[in-house]
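Me: Please go through this model with me, one question at a time. Give the cut-offs along with the terms.

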Amino acid sequence: MKNKSLISINDFTPEEHIRILDLAEEFERQPTQRILEEFVVATLFFEPSTRTRLSFESAASRLGARLIGFSEPASTSLQKGESLRDTIRTISNYSDLIVMRHPREGSARFASEVSTVPIINAGDGANQHPTQTLLDLYSIRKTQGKLDNLNIAFVGDLKYGRTVHSLVMAFCNYNTTFHLVSPVALKLPSSVKIHIKDKKLTYHQYTELQEIVPKADIIYMTRIQKERFSDPLDYEKVKNSYVLKKQMLEDAKPNLKILHPLPRVNEIAIDVDSNPMAYYFTQALNGVFIRQALLASILGVVS
Amino acid sequence: MSKKEIRKELKVSAIENGTVIDHIPSHSVFQVIRILNLAEYPNQLLVATNLESQKMGKKGIIKVRNKFFVPQEINKIALVAPSATLIIIKDFNVTEKKQVKIPNQVEKIVKCFNPNCITNNEEMETLFSVIDKKDLKLRCRYCEKITAKNNMTFF
Ligand SMILES: [Zn+2]
């Protein structure tokens, strides 16, 4: 994986995904290792995302790398009308690896073509966010002890949620049974379902959240945004039916874990947080180990 | 080609050497010229449109003197003129006749339908892989979204 850019989850093979998860496990056991002291990592956030940026910066800092970059568009040359091409060319002179987030879809792929150093995509518009997918894989393997033969339920906005699309696609390699819970208007697009069918896997669609609780090993919650509905009345009708509450977990399997890419709004009730099945905060922490594993393997200090 | 069509075709003078692009839908003739960048072609170029065709009703034809296209170049026109045939002329004789084929990749000529795609916001060229030749679906290399026949526009 040395010098390889990570733009889309499919840029790495399933074997490489597993290698990253194994490495992340090592970093979880020993998070502070000064193995990247020779390196400068640039974090270019053309749109703000504090959570993702801090996770990358924490990962790089714990490995001793030096950081340069910017965290919001106001401080960037973008504001002065500089092309993305020129910004990336310039910064690839100053750094050994670029982590970037950008509001335009495809920006990271384009950056990887003009950059002389590898790029890690930390989100390009509504398109891809592969490090989120890897940390989700990590969280699921860690809590279930395996990736194969799981019952995974995805809940909420399955139409626009890129996190869901990438994760569904990644799990098509693992003989997964998918349970898809969403309002009719926000069903998983057929362009994603086709991958499930291609692998001859099973998916079930539901409109009620309660139905899937006893079946699931993982419940992956997402936020339903009001803006997605052309008629505000339609939103009012569904907004409370996709909220997970503590009492709904009574007939859950003992190994069930609840994941969420965060930030949440109200789709998981606060009373769930204290339940041992709630895993979303640990999930976010796992992101640091995954990003350590990626930085170290792309910079070539581990193989 | 039927005899009648050959006769009609003579309305556009014959070329000694070069390529004839026949059976272009009339409304696509100027698009084909644009895609092949023929407006800047320095040699003889004969263009006719709204010719009668038994097969198509109305058709267009383009004759390019002293030009033999490489397949990638010519296959681009299959996106706007899938019915087009290529006729290679040498010494006034038809030496080869073939149908245009939709290529596996489409560079530069198609615009990504996604307004938030980087290709629509940065000075750069587009690149698509053709994922469905029958229904004409192109996946953008950058935003990964599908531009299909009904939302396809050309530069
Ligand atoms: Zn695009």
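Me: Which residue in β9(A) is the bridge partner of Ile218(A)?
Reply: β8(A) and strand β9 (residues 257-259) of chain A are paired in parallel through 3 bridges. Strands are DSSP runs of E of at least two residues, helices are runs of H or I of at least four, and both are numbered from the N terminus; two strands pair if DSSP finds at least two bridges between them. In β9(A), the partner of Ile218(A) is Lys257(A).

Me: Before going on, what are the conventions of the model?
Reply: This is a predicted model, in which local features need pLDDT of at least 70 and side-chain atom pairs count only at pLDDT 80 or more, while totals for chains, interfaces and linings use all residues. Residues are numbered from 1 along each chain as its sequence is written, and chains are lettered from A and ligands numbered from 1 in the order in which they are written.

Me: Which residue of β8(A) is the bridge partner of Val155(A)?
Reply: Strand β5 (residues 151-155) of chain A runs parallel to β8(A), and 4 bridges join them. In β8(A), Val155(A) is bridged to Met221(A).

Me: What is the strand order of the open sheet in chain A?
Reply: The sheet has 5 strands and its pairing is parallel. Its edge strands, each pairing on one side only, are β7 (202-206) and β9 of chain A. The order is β7-β6-β5-β8-β9.

Me: What is the average twist from one strand to the next?
Reply: Axes here are lines fitted to C-alpha atoms (for helices over the stretch in contact), and angles run from 0 to 180 degrees between N-to-C directions. From strand to strand, the average twist is 20°.

Me: Are the residues on the two faces of strand β8 of chain A buried or exposed?
Reply: In a regular strand, side chains alternate between the two faces of the sheet. A residue is buried if 20 or more other C-beta atoms, placed from the backbone, lie within 10 Å of its own, exposed if 12 or fewer, and partly exposed in between. In β8 (residues 218-221), Ile218(A) and Tyr220(A) on one side and Ile219(A) and Met221(A) on the other are all buried.

Me: Why is helix α6 of chain A described as largely enclosed?
Reply: Its buried residues include His165(A), Leu167(A) and Phe171(A). Among the elements covering the buried residues of α6(A) are α5 (130-144), β6 (177-181) and α7 (190-198) of chain A. The helix, residues 162-171, is largely enclosed by the rest of the structure because the buried count is 8 of the 10 residues.

Me: How far apart are the C-alpha centres of the two domains of chain A?
Reply: Domain bounds come from an automatic or database domain assignment. Chain A is divided into domain 1 (9-128 + 287-298) and domain 2 (131-272). The C-alpha centres of domain 1 and domain 2 of chain A are separated by 27 Å.

Me: Which peptide bond is cis, with omega about 0°?
Reply: Most peptide bonds are trans. Pro263(A) sits in the loop between β9 and α9 of chain A. The cis bond joins Leu262(A) and Pro263(A).

Me: Is Lys200(A) buried or exposed?
Reply: Lys200(A) is in the loop between α7 and β7 of chain A. Its phi is near 55°, a positive value in a residue other than glycine. Because Lys200(A) has 8 C-beta neighbours inside 10 Å, it counts as exposed.

Definitions and conventions:
Two residues are in contact if their C-beta atoms, placed from the backbone, lie within 7 Å.
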